[in-house]
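Reader: I have a structure open and want to talk through its layout. Can you take my questions one at a time?

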Amino acid sequence: MRTGQARKGAGILLIVIGLCLLTVISVYLLKDISIWILGRRNEAQVVAAWAEEVSGEGSTPYFRYFVRYQFATPHGETVTGISAVAAQEWAGLGMGGPVNAVYQEQANVPQYGVGGIDSGHRVTVVYFPLYPAHNRLDDTRLVPVLACAYVPLLLLGWAVLAGGRHLIRQT
Amino acid sequence: MLKTARRLLTNPTSLSGIILLVAFAVVAAAAPSIAPPPENSRDPFMIPRDGFQTEPEGPSAEHPLGTTEGQYDILYGVVWGTRTAFRIGVVITICTSIIGLTVGSIGAYYGGWLDDVLMRITEVFQAFPFLLAAITLTSVLQTIYGRGEAGPLMFLAKMLAMVTFGSNPTKNVDPVQLQILTGMLAIIAFGWMTYARVIRGNIMVVREEEYALAARAIGVGHLRILMRHLLPNAVFPVLVIASMNTGSYVLAFAALSFLGLGAQRGYADWGQMINFARNWIPSLAQHWHIVTYPGLAIVLFVLAWNLVGDALRDVLDPRMRGHDL
């Protein structure tokens with residue numbers, strides 16, 4: 001009797017976890033799909049670009065790169081967005097100057113160059129037409145990888161739900 | 001089980017592999033004693049530097065194995081790199097085995113269109129050259145993670161970080177660890193297919209055995225038949241492959257690090273340490289130590305897993321029993 005109750009409890013817990021997981025995944029999926037399928041591309045102007053050091057004292061410096069961009073929708077609305085970019089992308093965006101944290105060892109002292117800020121540079125962004133504030137740097141080329149990442153998580157959520165259902169049915 | 005253990009311990013091949021692995025495990029466990037991290041160190045996996053001079057220094061009393069370019073201590077890197085190698089090798093092996101076992105066993109057990117679909121997916125993944133695919137995926141993932149957007153990939157990275165580094169999944173992943181995770185995810189994505197093919201073949205054989213048919217006849221559930229009756233009788237070859245692949249995964253990750261895609265500069269990782277030797281290839285006769293020690297560590301680590309895998313295969317394969325190994 002006690003084992004049965006424990007199984008039922010575990011089953012309910014698994015179903016709750018599975019539902020939570022699937023809900024979170026669905027929200028992310030909806031946000032992504034709204035951009036991937038209905039998203040509209042536009043040219044945006046970089047209004048600021050900067051690098052921030054995120055490493056702590058005593059460790060090798062690690063930088064994160066950001067751009068603030070602005071674009072106008074066909075309805076005349078001006079939208080501003082901020083996006084972090086990878087170091088490689090920072091180079092690809094043509095920000096000029098030393099791309100990554102450059103290590104200048106010749107001077108026997110570490111110096112870190114973060115690249116010249118290149119305001120006015122144009123980048124492609126993609127936005128959801130009904131709600132332009134939902135926008136991001138164009139990630140069309142990354143869609144296959146981003147979409148594939150949903151598969152294991154959806155399977156995991158489904159497996160947790162199935163496990164919970166199995167436990168409840170056993171009682 | 002005891003018999004298998006005895007066979008492994010009396011077999012010179014497996015014994016040498018096991019001794020090597022135990023030695024590496026001891027080095028990994030005793031890393032804080034063999035190479036204590038500096039007092040102000042935030043992350044013990046970051047190799048301490050003794051200055052910023054470009055030219056590597058040879059072995060000395062202070063640095064028994066010398067220093068690389070940028071004065072990173074080689075002994076420290078090799079010792080702490082053992083922990084990195086174990087973490088990476090074992091976690092990738094576990095993840096790839098789980099994916100491969102799931103895909104292969106479901107395909108083999110249910111058969112039909114499901115098997116066809118799963119095996120075609122497996123073949124698509126197999127069609128890519130492993131290292132090239134891993135390199136490409138790593139760079140793509142680094143671009144995605146560089147944007148820092150929360151999403152399914154970040155969720156996967158947090159899960160993997162929890163398993164690999166024991167980090168808290170509710171907090172942001174450390175950027176240094178995130179770079180390692182991208183390489184691991186890429187290797188996992190293209191490293192599970194062998195397990196799927198092997199377990200599929202084995203399950204197709206054992207599912208026709210009488211005990212499996214009997215279990216089905218008395219109405220045992222599919223999941224129970226698969227987990228309790230089929231998998232335990234079909235999984236041994238996968239253990240052998242897993243053991244042999246652990247070394248290969250470490251080697252693949254070292255290749256990524258060598259190309260600057262795996263661990264971050266200064267992180268205790270053997271491949272990344274060999275990367276320091278890239279600028280010194282013309283003068284390796286003079287600076288031999290920068291490539292010898294991390295290189296030797298990789299060779300011995302991979303050799304150890306291969307020897308254990310080889311011996312496991314010989315011990316577990318019924319056709320090899322009774323033969324001199």
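Author: What follows is a short exchange on the fold, the sheet, the cores and a few single residues.

Reader: Ground rules before we start?

Author: This is a predicted model, where local features need pLDDT of at least 70, side-chain atom pairs count only at pLDDT 80 or more, and totals for chains, interfaces and linings use all residues. Residues are numbered from 1 along each chain as its sequence is written, chains are lettered from A and ligands numbered from 1 in the order in which they are written, and side-chain values use heavy atoms, with hydrogens and water left out.

Reader: Fine. How many helices and strands does chain B have?

Author: Chain B has 14 helices and zero strands. Helices (H or I, at least four residues) and strands (E, at least two) are DSSP runs, numbered from the N terminus.

Reader: How compact is chain B?

Author: Its radius of gyration is 22 Å, close to the 20 Å from the globule rule for 325 residues, so chain B is as compact as a globular protein of that length. The radius is taken over C-alpha atoms, and the rule is 2.2 Å times the number of residues to the power 0.38. Along the principal axes, the C-alpha atoms of chain B fill a box of roughly 75 × 55 × 35 Å.

Reader: What share of chain B counts as buried?

Author: 49% of its 325 residues. Buried means under 20% relative accessible area, exposed over 50%, and partly exposed in between (1.4 Å probe, protein chains only). Chain B exposes about 14,900 Å², of which carbon and sulfur atoms supply 65%; accessible areas come from the Shrake-Rupley method with a 1.4 Å probe, and for residues only the protein chains shown count as cover.

Reader: Which residues have the most contacts inside the largest nonpolar core?

Author: B:L181 and B:M184, in a core of 94 residues. Helix α4 (residues 74-110) of chain B gives the most to this core, with 13 residues. A nonpolar core here is a set of buried Ala, Val, Leu, Ile, Met, Phe, Trp, Tyr and Cys residues joined through side-chain atoms within 4.5 Å.

Reader: And what does B:L181 touch?

Author: Not counting residues up to four places away in sequence, B:L181 touches B:A157, B:L160, B:A161, B:T164, B:F165 and B:V173. Contact means heavy atoms within 4.5 Å. There is also a second, separate core of 15 residues, which includes A:Y65, A:V85, A:Y127 and A:L137.

Reader: Over to chain A. In what order do the strands of its open sheet run?

Author: The five strands run β3-β2-β1-β6-β7, with antiparallel pairing. Two strands pair if DSSP finds at least two bridges between them. The edge strands are β3 (78-85) and β7 (131-137) of chain A, each pairing on one side only.

Reader: Why is β7(A) called largely enclosed?

Author: Five of its seven residues are buried, so the rest of the structure largely encloses β7(A).

Reader: Which strands do the helices lie across?

Author: Helix α1 (residues 2-36) of chain A lies across β6 and β7 of chain A, at about 85° to β7(A). From chain B, helix α6 (residues 130-147) lies across β2 (63-72), β3 and β7 of chain A, at about 125° to β3(A). Axes are lines fitted to C-alpha atoms, for helices over the stretch in contact, and angles run from 0 to 180 degrees between N-to-C directions.

Reader: Back to chain B. Is B:S105 buried or exposed?

Author: B:S105 is buried, with a relative accessible area of 4%. It lies in helix α4 of chain B and, leaving out residues up to four places away in sequence, touches B:G100, B:I199, B:I203, B:L226 and B:L231.

Reader: And where is B:P64?

Author: B:P64 is in the loop between α3 (31-34) and α4 of chain B. B:P64 is partly exposed, with a relative accessible area of 40%. B:P64 and B:L75 are eleven residues apart in sequence and 6.8 Å apart in space, C-alpha to C-alpha.
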